[in-house]
Amino acid sequence: MMYNQGYRPQPQQQGTQYGQNWYAPAPKAAQPAQARSRATEGGNRSGGGKNGASRRPKPRKKRSLKWQLVKTLLVLALLGGAIAAGYIWKTQSDIKPYMSVFAENVSVDGIDLSGKTWAEGSQLVWDQVNQKQNSWYVRLCYGAGQYKEITAQTLGISFDPTAALSQAWAVGHDVDANNRKDIFALRDEIERAKTTSNTFSSAQQSADTTQIDMILQAAQNAAYRSPTDAYLISFNPDDSANPFTYQQEVYGQELDITAVRERILEMVNNLESGEVLLEPTPIAPNVTVADLAKTVELRCRAVTPISSSSTEDRTENIRIAFSKINGMSLADGKKFSFNNTVGRRTLDNGFLPAIEYAYGYETWGIGGGVCQASSTVYLAAVQGGMTILNREPHSKEVSYTELGKDATVSDTRGREIDFTFRNNSGGTVYLAAHVISSPSNKKKLMCEVRLYGPSLNGATYELVTETVETIPKPEEPTITNDKNANYVTYVDETKTIKGHDGYVVEAYLVTRVNGVETERSKVSTDTYPAKADTVYVGVTQREGV
């Protein structure tokens, strides 16, 4: 459709008819010539009208577009209102069953109130609170049938479930006048409650817990026992199986009331009745017998055989020397002196005459045999980890031990020879010294020295020797006048005492830990001089010669 310039058609009604916009027809002057011609021809065919004009049908009256829009909106409004009304009705229907009862999964003090009215739920909760308060107790059991009972009356306990009931009722109900819930909020709470547990507890109105503290303090005082340390009663050197007697340790006990108090308070808060066992915990002593045993372990046992040719007096001299040593203790850092411990070898001190070694000779002397005692103590001391301060070898090999393992002593020949050591073990050491029978042959005797002290923790010490040089004896014998008639008396008598080679011997202390050698240190280098044969000649003339 064409329009003259400057003309815009105005719709009488804006709307939709048959799927297209409808507008009022344009004026005639604006119609094209071709369109007018067709209209004229049509008019002529229809017979025309007055003044030759053709007769046209009147156009149908159209409703305005605005009215159509209003009508549509009204329909939509009515439809929406109907839907909203239905939704509200449905929501109200959903929450209506819960308006007078507790929501699902709601409990107070463990009582399930789901579906119960306020009166029903309150009655159940109050009945339980009253019953619990009247029957509640905590029984403190001390053992052996002794106990102390705590009741609600003891502590003045009372509980009030009012607040808990109100909180439980508030789930799915509008109870706050200042913050009202609409039906949708109520519906949401009710739906959440179906899958969520809502638990509430009665509030404790009063309880005097100082009574609990007083009761527990009294129990703690009654339960306490102080521990007693073990200690060494005695050293029994004559009992090789049980050389030490101990006072057994005693464990103490105490009652830790902290955990017990927390448990009782928990039972108070929950009105939970029951028994609480008061179990004291042990208090360990600072020192046990096992600890002491580690301080007096056997560090070394040294043994030397007594020759079958040894006289009884010589053997007795060893016993006398050992009796002075047997049972003695030496504190850490202290020095042991053989001569100071044994004393002078005199008849007044009980020693007897016997053969002894002196300057390479065997000779009679008071206390003969004591050197075997000193040598055995030396072996126990050096192999027991003691620090050797002074020790000298004999002038010749002795029968009871190897070269480099002996220790001579003397107190009678101008120059005192002592054997000394220091205890640097870190604890007290104990000595046991005896003449004993050989386990394999009761008729054979042995010298035994046992040294006890702090544990070596798997370490052992062994004294080993090595002869590094042999010194041949002189070929020419030594002629000696036997003025004391030790061997011969008369001038026509002689006695030859065989000499011997000399030796240079080195001694090493070998340390082993759990059987594996870890150290080898030199202890001494000893020279045993060679000695020529000695010919003893008598000095007395025979009578009548």
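**Ground rules.** I'm working with a predicted model, so local features need pLDDT of at least 70 and side-chain atom pairs count only at pLDDT 80 or more, while totals for chains, interfaces and linings use all residues. Numbering runs from 1 along each chain as its sequence is written, and side-chain values use heavy atoms, with hydrogens and water left out.

**Entry 1: helix α8.** I started with α8, residues 257-270. Helices here are DSSP runs of H or I, at least four residues, and strands are runs of E, at least two, both numbered from the N terminus. Does the span agree or disagree with 1.5 Å a residue? I take the expected span as 1.5 Å times one less than the number of residues. For the 14 residues of α8 that should come to 20 Å, and the end C-alpha atoms are 20 Å apart, so the span agrees.

Next I asked which residues of α8 are buried. My cut-offs are under 20% relative accessible area for buried, over 50% for exposed, and partly exposed in between, with a 1.4 Å probe and protein chains only. The buried ones are Ile257, Val260, Ile264, Met267 and Val268. Seen down the axis, the buried residues of α8 fall within an arc of 105°, so they line one face of the helix; the arc is that of the directions from the helix axis to the C-beta atoms.

Asp256 caps the N-terminal end of α8, with a side-chain oxygen 3.2 Å from the backbone nitrogen of Thr258. After α8 comes Leu271, and its phi is positive, near 50°.

**Entry 2: salt bridges.** I count a salt bridge when a side-chain nitrogen of Lys or Arg is within 4 Å of a carboxyl oxygen of Asp or Glu. The structure holds 23 of them.

I looked at Arg319, which is partly exposed at 31% relative accessible area. Glu312 is exposed, at 52%. Arg319 also meets Glu316 in a salt bridge at 3.5 Å, N to O. Both Arg319 and Glu316 sit in helix α10 (residues 312-325), 3 residues apart, about one turn of the helix. Glu316 is partly exposed at 29%.

Then I went to Lys522 and Glu506, whose side chains meet in a salt bridge at 3.2 Å, N to O. Lys522 is in strand β28 (residues 516-528) and Glu506 in strand β27 (residues 502-513), so the pair ties together parts 16 residues apart in sequence. Lys522 is partly exposed at 47%, whereas Glu506 is buried at 15%.

**Entry 3: Thr376.** Is Thr376 buried or exposed? It has 0% relative accessibility, so Thr376 counts as buried. Thr376 lies in helix α12 (residues 370-383). Leaving out residues up to four places away in sequence, Thr376 touches Ala302, Thr304, Phe322, Cys447 and Val449, where contact means heavy atoms within 4.5 Å.

**Entry 4: Ser234.** Ser234 lies in strand β10 (residues 231-235) and counts as partly exposed at 25%. With the same exclusion of residues up to four places away, Ser234 touches Pro243, Phe244 and Thr245.

Terms used
Polar contact = N/O pair within 3.5 Å; in protein donor to acceptor, adjacent residues only side chain to side chain.
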